[in-house]
Amino acid sequence: MPDWKPEIRVRLRGLRLTATREAEIVEELSQHLDDRYERFLSDGSAADEAHRAVLLELAQEELLVNELSRVEKMTPKHPVVPGSPLASALKGGPTNLGVDFWQDLRYGLRILVKNPGFTAVAVIALALGIGANTAIFSVVNTVLLRPLPYKDPEQLVMVFEDSSKHGFPRDTPTAANYIDWRDQNHVFESIAAIAGASLNLTGVGDPERIQGYRVSASLFPLLGVSPQVGRWFTPDEDQPGANPVVIISHRLWQRRFGGDPNIVGKPLTLSGRSVTVVGIMPADFRFHTPEDELWVPIAFSQEEQKNRSAHFLDVMARLKPGVTLSQAQAEMSTIAARLQQQYP
């Protein structure tokens, strides 16, 4: 495995961090770059190609340093006074706000390095730690990057599981837990599940591996983004056994189909399966990276719906009008406690 630490240290020189702080950041980034390197290898890249690709992602130096500098300046030098509103907000967590900002910073760094394109469209406002065997611990506001090009972006939040005892304080949720959150909460106007997908497009030009996502039918309405041509997924299409459908990106539409609007309603062959195109997203729509070119319904299988050990989802939600983060925390804490009793 390549040693990324010298490259990272070069990019942190201007921050004047303490030795301990720098070591923590270097270790966190190094581990994540290892993950990215292994992913490139698993996707078929040669070792030297994977190495170059990871360094290119790390090369977002100006953005990385600016965000780290801003968060460091926001970190207070004094402990939180017990009993204060801020201490209450950190219920169950550390008494020094700097530790909480460090948790925020670590997640922001993961997003910066893992998906540089996503930094242009991601504001993650809420982290709710909920697990089948652990309780919610706090609400954490992560690094604010740029305003989202979505409807009322300040109401958008991400929801995570707390698997601290396994080393993942903000773990990707399981399908079973997502379904419980979706069905039992009263604080979210909508909640959506997202999982990566890589599918082979055949039958139209040369075969090609296309990157995209499995998403719940609620995702696009939650974001407030409509297809340029066609429609969103329907709830019925987001069920196991439903007729397979797909929404494609503007980029894929132009690149493989010459911008033909009649492609909507026609079948494509994805990984040997015939699916019907129901929508084409606008040219300016971005979700994670520009390389993501299609979306299919997540349509959880019966096995996935019951599984509380396979952690593979991103979960996004929209707060109901008038609902605060503290109210959301209280509601989700109640659900977490109920799940703990039901699934010890």
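## The model

The model is predicted, so local features need pLDDT of at least 70 and side-chain atom pairs count only at pLDDT 80 or more, while totals for chains, interfaces and linings use all residues. Residues are numbered from 1 along each chain as its sequence is written, and side-chain values use heavy atoms, leaving out hydrogens and water.

## The chain as a whole

The chain has eleven helices and eleven strands. Both are DSSP runs, numbered from the N terminus: helices are H or I with at least four residues, strands are E with at least two. Of the 344 residues, 50% are buried. Buried means under 20% relative accessible area, exposed means over 50%, and partly exposed lies in between (1.4 Å probe, protein chains only).

The chain exposes about 16400 Å², and carbon and sulfur atoms supply 52% of that area. Accessible areas come from the Shrake-Rupley method with a 1.4 Å probe; for residues, only the protein chains shown count as cover. Now take contacts, meaning heavy atoms within 4.5 Å. Among those with a separation of 6 or more, 73% join residues 24 or more positions apart.

## Salt bridges

The chain has nine salt bridges. Each is a side-chain nitrogen of Lys or Arg within 4 Å of a carboxyl oxygen of Asp or Glu. One of them joins Asp 183 and Arg 182, at 2.9 Å from N to O. Asp 183 is exposed, at 52% relative accessibility. Arg 182 is partly exposed, at 39%.

Glu 293 is buried, with a relative accessible area of 3%. Arg 251 is partly exposed at 42%, and Arg 255 is partly exposed at 37%.

## Glu 161: a charge without a salt bridge

Glu 161 sits in strand 2 (residues 161–163). Glu 161 is buried but has no salt bridge. How far away is the nearest side chain of opposite charge? That side chain belongs to Arg 308, and it is 7.1 Å away. Here Lys and Arg count as positive, Asp and Glu as negative; His and the chain ends are not counted.

The side chain of Glu 161 does make a polar contact with the side chain of Asn 177, at 2.8 Å. A polar contact is a pair of N or O atoms within 3.5 Å; within protein, one must be able to donate a hydrogen and the other to accept it, and residues adjacent in sequence count only if both atoms are side-chain atoms.

Helix 11 covers residues 325–342, which is 18 residues. At 1.5 Å a residue, helix 11 should span 26 Å, and its end C-alpha atoms are 25 Å apart, which agrees. The expected span is 1.5 Å times one less than the number of residues. Buried residues of helix 11 include Ala 328, Glu 331, Ile 335 and Leu 339.

Thr 289 lies in the loop between strand 9 (273–280) and strand 10 (292–297). Thr 289 is buried, with a relative accessible area of 13%. Its C-alpha atom is 9.5 Å from that of Gly 212, a residue 77 positions away along the chain.
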